[in-house]
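Me: I'm new to this structure and would like to learn how to read it. Could you take me through a few features, one at a time?

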Amino acid sequence: MSTAMLFDFTESRKALTTSAWESLKNKSTDVIVAAFGQLNGSELEKRSALDQAVRDVLKELIVRQSDCKDVLAVISLSIDSVTAGVCSASTPFLLLGDLLDGLPLDQCDHIFTFVEQNVGTWKASTFYSAGKNYLLRMCNDLLRRLSKSQNTVFCGRIQLFLARLFPLSEKSGLNLQSQFNLENVTVFNTNETESTLCLKLTDDRDDTVDIEEGEMGEDDIVTTSSVPIDYNLYRKFWSLQDFFRCPLQCYDRLQWRTFSKFSDEVLTVFKSFKLDDAHASSRVHGAGAVSRAHGEHAYFAKFLTSEKLMDLQLSDSNFRRHVLLQHLLLFQYLKGQVKFKSSTSVLTDEQSLWIEDTIKHVFQLLKETPPEGDKFSKAIEHILAREENWITWKNEGCPSFVKERPAETRPHRPRKRAAPEDFLGKGSHKKILMGSEELTRLWNLCPDNMEACKAESREFLPSLEEFFDEAIEQADPESMVDREYKVVNDSNYGWRALRLLSRRSPHFFQPTNQQFRSLPEYLENIVTRLAREMPPPSEEIKTEDEQDNDDGLLKDGDSPEGAARAVTSRHLEACALLVGARWRALVQHLESGGGGGGDDDDEEEDDGEGGAKAGSAAGRGEDEDDDEEGALEALLAWQEREGPRATVEALHTAISAIGLSPPSDGSEPDAEGDRD
């Protein structure tokens with residue numbers, strides 16, 4: 001930082017400090033705002049100078065040991081300056097931190113009252129994000145300075161302030177992992193030889209026992225307890241505090257036996273020594289007369305563990321309620337479904353039954369403990385039920401309590417009214433009037449919207465003839481177009497062709513057994529079919545037999561069997577009609593691989609043997625119709641058995657072998673045929 005800049009900051013700080021003193025006298029921020037506007041420099045620099053000036057004013061008041069009202073006036077001035085936009089939002093919190101760190105606890109109580117009263121200001125959007133961490137740190141510093149046993153009320157006020165400041169879903173104040181305060185160790189006498197209870201006699205006490213500071217003398221103790229108090233009871237009673245401190249010990253078998261045994265004995269002592277209102281009120285020590293006159297009761301944040309106070313503690317209703325409530329809290333944790341419990345932390349059936357019985361016993365003791373035991377018992381039951389809801393909320397990951405507003409439902413639209421007569425027009429040529437001449441003309445071009453959608457001008461799909469015209473022309477062998485230059489090889493053309501076929505052609509949905517290796521091969525097949533169907537039939541279009549040959553080529557053009565023409569149903573029907581009664585000999589030649597033909601004697605012998613064999617299998621007669629059906633059935637079985645090897649050439653070779661002339665491709669035999 002240069003000397004000029006340092007001089008400017010120092011001068012601005014002095015000027016703003018003077019303005020701050022004047023604003024304190026006038027109780028207004030007008031002087032500071034005016035002085036802030038007259039300074040040169042950026043907004044950040046001027047705010048830094050004002051922040052330091054306000055802290056200087058507070059420091060001067062602390063040194064003078066001014067009254068709390070004057071000190072709080074400086075903090076109020078900083079709050080108003082933040083609202084006016086001339087001071088940093090963190091300045092009031094820095095001032096509070098400096099103030100509480102330098103004052104004794106009795107004055108901190110008055111300062112914290114101001115903090116509590118302005119909780120609405122701290123929660124405002126201007127201050128909350130900038131000061132929540134400062135407030136949390138300030139409260140934690142105060143809690144570390146305060147005594148939990150002597151400053152109980154002040155500690156409670158701080159906790160309530162934090163609960164009001166932060167939202168319920170703020171996870172910084174939640175015990176998410178269900179951890180225990182293991183540092184809260186209860187210290188008591190564990191050496192039986194040093195116990196004063198062992199030195200007690202049955203009817204009188206040792207007068208030589210020194211009275212410690214704060215304890216009651218022999219004349220002040222009214223021993224009306226009928227329960228024998230010894231070291232054994234004392235040890236078992238205070239040993240329960242270790243289980244209340246760390247409930248996980250109860251899941252251990254040995255520890256559970258110890259806890260259940262000690263707890264049963266303590267509850268039995270409470271049951272055998274019942275309290276009444278007069279007996280409980282007589283135990284109020286100190287200014288007992290004044291407390292009883294005003295109906296007040298003594299309260300202790302943490303009880304003492306002295307052996308000499310054991311009989312008095314058993315007669316204290318607040319002490320008894322404290323221990324009974326500890327039992328209920330422990331039982332709630334052991335039974336509850338806590339998210340962070342380990343898999344081994346499970347109660348047995350015997351333990352669960354014991355807990356249920358003990359809970360009933362504890363509630364009965366709470367009802368019998370004066371004053372207003374029944375009312376206190378119901379209040380505790382209600383609190384524990386609410387605690388179950390908190391446990392469930394934490395197990396679910398602490399979801400936000402703010403409910404989202406439901407989506408605004410759309411208003412119900414009223415039904416449309418009928419159009420007035422003026423809108424529909426008049427006369428024989430009624431027109432729908434749209435408000436202007438041009439809109440009226442456009443709307444009335446076609447009053448019926450559905451008919452307008454069906455108009456030819458809205459037909460955007462081309463016809464099959466128009467789209468596939470070029471492909472059909474290229475499929476003609478006389479066009480002499482190389483395969484790689486055909487339009488069916490274009491991917492864009494293929495995509496549009498498939499869309500058009502799905503809309504306009506029934507061939508797209510017909511099942512087929514042919515296996516096409518690529519889209520162009522499939523389109524070539526479709527183009528051939530479309531060309532055959534389009535009128536007028538062209539002489540240049542392939543015949544069906546040629547198409548069947550192309551189908552065979554599409555299956556596997558590289559294999560020799562795929563290059564031959566496969567037989568079709570029309571071939572088989574023509575051959576069955578041709579061979580007639582000699583179909584058995586034809587089948588034998590086909591099964592023998594098309595072996596050479598024989599003379600008529602061999603054929604007749606074959607007819608006798610093969611006919612008997614095939615006839616028994618087919619169960620058919622000797623008439624002409626049965627011969628045609630038997631021949632067709634045998635040929636179909638041969639085609640299915642041979643598969644791709646069932647070709648026209650193999651069939652013609654077998655027909656020639658039995659002495660018949662094969663029919664022309666795709667033609668029917670003559671009426672006389674070549675039958676015998």
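Me: Which residues touch the most other members in the largest nonpolar core?

Reply: Start with the general idea: in soluble globular proteins, nonpolar side chains tend to be buried together. In this predicted model, the largest nonpolar core has 50 residues, and Leu50, Ile75, Ile111, Phe112, Trp122, Ile158 and Phe161 touch the most other members. Helix H4 (residues 68–84) gives the most to this core, with eight residues. Leu50 touches Leu16, Ile32, Phe36, Val86 and Cys87, leaving aside residues up to four places away in sequence. Apart from this core lies another, of 42 residues, including Phe188 and Phe319.

Me: How many residues of helix H5 are buried?

Reply: Eight of the eleven residues in H5 (residues 91–101) are buried, so this helix is mostly covered. They are Thr91, Pro92, Phe93, Leu95, Leu96, Gly97, Leu99 and Leu100. These buried residues pack against H3, H4, H6, H7 and H8.

Me: At what angle do H11 and H16 pack?

Reply: Two packed helices are described by the angle between their axes and the distance between the axes. Here H11 (residues 253–272) and H16 (residues 349–368) pack at about 25 degrees, with axes 11 Å apart. The two helices are therefore roughly parallel to each other, and their crossing is left-handed.

Me: Which residues meet there?

Reply: Among them are Trp256, Phe259 and Leu267 in H11, and Trp354, Ile355 and Leu365 in H16. The residues of this contact divide into eight nonpolar, five polar and two charged.

Notes. Residues numbered from 1 in each chain as written. Predicted model: local features only at pLDDT ≥ 70, side-chain atom pairs only at ≥ 80, totals over all residues. Heavy atoms only, no water. Axes fitted to C-alpha atoms, helices over the stretch in contact; angles between N-to-C directions. Helix = DSSP H or I, 4+ residues; strand = E, 2+ residues; numbered from the N terminus. Parallel < 35°, antiparallel > 145°, perpendicular 65-115°, else oblique. Left-handed = near helix turned anticlockwise from the far one by under 90°. Contact = heavy atoms within 4.5 Å. Nonpolar A, V, L, I, M, F, W, Y, C, P; charged D, E, K, R; others polar. Core = buried A, V, L, I, M, F, W, Y, C linked by side-chain atoms within 4.5 Å. Buried < 20%, exposed > 50% of the residue type's maximum accessible area, 1.4 Å probe, protein only.
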